[in-house]
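Here are a few friendly notes to read alongside the model. Please keep the structure open as you go through the points.

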Amino acid sequence: MPKVTVCIPTYNRADYLTYSINSVLRQTYEDFELIVCDDGSSDHTPEVVAAFQDSRILYLRHPQNLGRSLNMRSGFTAARGEYFIKFDDDDGLTPEFLAKTVPILDQEKNVDFVCTDHWIIDKFGQKVASATQENSAKWGKDRLQQGIITDLERQTFSYQSLQVGSTLFRYQSLADVDYMRSQADGCEDFDLLVRLALAGKQAYFLPELLMEYRFHGGQTSLKQAVHFLQAKLFCTEGYHFNDVKLEEERVKKAAFLQESLGIKLIEKGETEAGRVLIEKASQLLGKSRRARLGLLLSYLPLNLRQLAFQGFRQLRSKDYAEQVRAV
């Protein structure tokens, strides 16, 4: 039985998948299996996987699209490893990822998962040092010390400093919390980490850049943004923290998500549903400037409304993620 299962869920990303698979096969630690679970891709993904002649690869191809969460669960169910990692089909692992994370789980029996920092790479697979530094600072990774994370609930929920794709888990710890929930489809990684923290699991942080997270064009559409916000709102409303300050923050964050979702629904054309969410959020937050603007734009015809939203986004200065995607 392999010590580690590496899982790459994929859907219509054949052009990036070769990079991701190669990053696993180039690991200096070799006791692993690689499961590629294909969610009914219509591109040449089967040919890409077939080109790899490696007995450690298991290809699970679903005849029709199941959705992200169910596809991820299929790879988890088929896994045989004691340890488990899942990362996306446009990302990669550095060659020493397993060699540096496996020994920690071997030695620290009370640790359920090991998190690392990661590189930002562009669509060509080139590492972008400046964006990597900004990303680490934005999510607080640069402030985490090596060792056991003592405030895991806050790190996963408030700061969102950890990332599933750069984390090696004990398989059993994921099974204990039922791995990926289909209701969280779109923000499964955030939900998984928060639920692990709420379940009292232990995490270890290794401050090394051992994974590669890719920014490229076409990653987020309006439809995807709405789907993500709906899922994250569902998750956030369902959590409960014993820490009073953290619970107060959760309530406010749920209201902020309601406001954000309301604005996106107005842009999409679901005007009344959007207005209802904004009004509901304003009962706790008051009417923010962006909420007022969203409500104002909701009275424009849909085509003019969407042009206005696009115009406001173009006026806004691009952050490091948008700059890398624009390369």
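1. A residue is called buried when its relative accessible area is under 20%, and partly exposed between that and 50%. Phe215 has a relative accessible area of 5%, so Phe215 is buried. Tyr213, at 23% relative accessibility, counts as partly exposed. Please bear in mind that this is a predicted model.

2. These two residues also meet through their rings. The ring centres of Tyr213 and Phe215 lie 5.4 Å apart with the planes at 85°, so the pair is edge-to-face.

3. How many aromatic pairs are there in the count? The count comes to 13 aromatic pairs. One of them joins Phe84 and Tyr171, again edge-to-face, at 6.2 Å centre to centre and 80° between the planes. This pair links distant parts of the chain, with Phe84 in strand E4 (residues 83-86) and Tyr171 in helix H7 (residues 171-176), 87 residues apart. Phe84 is buried, at a relative accessible area of 1%.

4. Now turn to the helices. H9 (residues 222-238) packs with H10 (residues 244-268) at an angle of about 155°, their axes 9 Å apart. Angles over 145 degrees count as roughly antiparallel, and H9 and H10 are therefore roughly antiparallel to each other. The crossing of H9 past H10 is left-handed.

5. Which residues make this contact? Among them are Leu222, Ala225 and Leu229 of H9, and Ala254, Leu257 and Lys264 of H10. The contact residues divide into 9 nonpolar, 4 polar and 7 charged.

Technical notes:
Residues numbered from 1 in each chain as written. Predicted model: local features only at pLDDT ≥ 70, side-chain atom pairs only at ≥ 80, totals over all residues. Heavy atoms only, no water. Axes fitted to C-alpha atoms, helices over the stretch in contact; angles between N-to-C directions. Helix = DSSP H or I, 4+ residues; strand = E, 2+ residues; numbered from the N terminus. Parallel < 35°, antiparallel > 145°, perpendicular 65-115°, else oblique. Left-handed = near helix turned anticlockwise from the far one by under 90°. Contact = heavy atoms within 4.5 Å. Nonpolar A, V, L, I, M, F, W, Y, C, P; charged D, E, K, R; others polar. Phe/Tyr/Trp six-rings, centres within 6.5 Å; stacked < 30°, edge-to-face > 60°. Buried < 20%, exposed > 50% of the residue type's maximum accessible area, 1.4 Å probe, protein only.
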